[in-house]
Amino acid sequence: MTIPELISQSNGKARISYELLPPVKGSSIETIFSTLDRLMLFQPPFINITYHREEVSYVKQADGSLIPSVVRKRPGTVGIAAAIQARYKVDVVPHIICGGFTKQETEDALIDLDFLGITNLLVVRGDGDKITGRFTPNPRGHRYASGLIDQIMAMNRGIYHEQYVENPTRTKFSVGVAGYPEKHPESPNAEQDLLFLKEKVDMGAEYIVTQMFYDNELFFNFVKRCRKAGIHIPVIPGIKPITTKEHLNMLPRTFHLSIPEPLVREVNNCKDNKQVKEVGVQWASGQIKELIAAGHPFVHIYTMGKVDHIVKISENVL
Ligand code: FAD
């Protein structure tokens, strides 16, 4: 089923979807299963699995010098999605990114997903470089998520990148995209950001999952602005609970988002991160309850691979 179909079938019943990260290279898939064994008790409508491109890591040599080395720390997105789908019979949404891929490699990955019966995709450009923050596209790949959506929609019409393909199968991919209540950091302004979002929707995106936010008013305004701009697909709010004091600096620095003063004060008053986690659980639970009450029954939680506090939040709101 597509995500909009899941939303309309649930008739306003509150549902929480979860985003998981592939485990770091070398870890067993059991780490994912042990997390999901607990989260599946809440009957999530779908599970997202993020994609992580290769990154440059500096390896210290015996003489103290640093040698750059390209590493992919969290491979396995497609395999994990297939394994989750087979084991839990739940809809899975692997993330597909532009970064690091040629169009040909993207096509091959899409063929793998089609063969595995995975049709729901969250399509994003991908993060910038960890050091400079700058995104550099593969010269034979896509610069923006819209280009990737275009390629996927072409495959849905039976048009493949490799032109020699005979009797091309029409794939049945359904695409979700990212939206930013506080605008994407690289956009010159919120209006321009919305125009680019509309472009992704016009190309065939069927729903939006938002970047995390800590003040629901930002989300409500974002949805209003989307509707005014002619974007009428479902907008699913993304919630990431705060778990450490460091988040107060790291989240705004990394994602260019704001944290409301009362939440900052509560976190600063905590003795340790155990208390911060409890504040984060209460804040996220309050946000989700308000979102559900305001007519947004599908809420997406960024788990970052941690489970105890996510279980608490799910118990609080469902
Ligand atoms: P785009 O829609 O391509 O937009 C990127 C920037 O370019 C924006 O500033 C936009 O306004 C601008 N832009 C768009 N189109 C044009 C155009 N035609 N001309 C000029 N400018 C344009 N990252 C990962 O690496 N892996 C993941 O799994 C992942 N999952 C995510 C899930 C969600 C729900 C969200 C919100 C983010 C996720 N990200 C992930 C992060 C994402 O890759 C970054 O936020 C990235 O910087 C932007 O992705 P996008 O798809 O929104 O980009």
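A crossing of two helices is left-handed if the near helix is turned anticlockwise from the far one by less than a right angle, and right-handed if clockwise. That term comes back in two of the views below. This is a predicted model, where local features need pLDDT of at least 70 and side-chain atom pairs count only at pLDDT 80 or more, while totals for chains, interfaces and linings use all residues. Residues are numbered from 1 along each chain as its sequence is written, and side-chain values use heavy atoms, with hydrogens and water left out.

**View 1. The whole protein chain, before we zoom in.** Count up the secondary structure and you get 11 helices and 10 strands; these are DSSP runs numbered from the N terminus, with helices (H or I) of at least four residues and strands (E) of at least two. The C-alpha trace spans about 65 × 65 × 45 Å along its principal axes. For 318 residues, a compact globule would have a radius of gyration near 20 Å, and the chain's 20 Å agrees with that (taken over C-alpha atoms; the globule rule is 2.2 Å times the number of residues to the power 0.38). Buried residues account for 48% of the 318, where buried means under 20% relative accessible area, exposed over 50% and partly exposed in between (1.4 Å probe, protein chains only). Take the contacts (heavy atoms within 4.5 Å) between residues at least 6 apart in sequence: 75% of them join residues at least 24 apart.

**View 2. Helix H9 packed on helix H10.** Two packed helices are described by the angle between their axes and the distance between the axes. Here H9 (residues 261-268) and H10 (residues 273-293) pack at about 155 degrees with axes 9 Å apart. Axes are lines fitted to C-alpha atoms, for helices over the stretch in contact, and angles run from 0 to 180 degrees between N-to-C directions. H9 and H10 are therefore roughly antiparallel (over 145 degrees; under 35 is roughly parallel, 65 to 115 roughly perpendicular and the rest oblique). The crossing of H9 past H10 is right-handed. On the H9 side, the contact uses Pro 262, Leu 263, Glu 266 and Val 267; H10 brings Val 276, Val 279 and Trp 283. Sorted by class, that is 6 nonpolar, no polar and 1 charged residues. Ala, Val, Leu, Ile, Met, Phe, Trp, Tyr, Cys and Pro count as nonpolar, Asp, Glu, Lys and Arg as charged, and the others, Gly among them, as polar.

**View 3. Helix H2 crossing helix H3.** The axes of H2 (residues 30-39) and H3 (residues 77-88) come within 11 Å and cross at roughly 45 degrees, which makes H2 oblique to H3. H2 passes H3 in a right-handed crossing. Ile 32, Phe 33, Leu 36 and Asp 37 of H2 meet Ile 80, Ala 83, Ile 84, Arg 87 and Tyr 88 of H3. The tally for this contact is 7 nonpolar, no polar and 2 charged.

**View 4. Two loop residues with positive phi.** Asn 11 sits in the loop between helix H1 (3-9) and strand E1 (15-20). Its phi is near 50 degrees, a positive value in a residue other than glycine. Asn 11 is exposed, at 70% relative accessible area. His 256, in the loop between helix H8 (247-255) and H9, has a phi near 55 degrees, again positive in a non-glycine residue. With 46% relative accessibility, His 256 counts as partly exposed.

**View 5. Ser 146 and its neighbours.** This serine lies in helix H5 (residues 145-156). At 10% relative accessibility, Ser 146 counts as buried. Leaving aside residues up to four places away in sequence, Ser 146 touches Glu 199, Lys 200 and Met 203.
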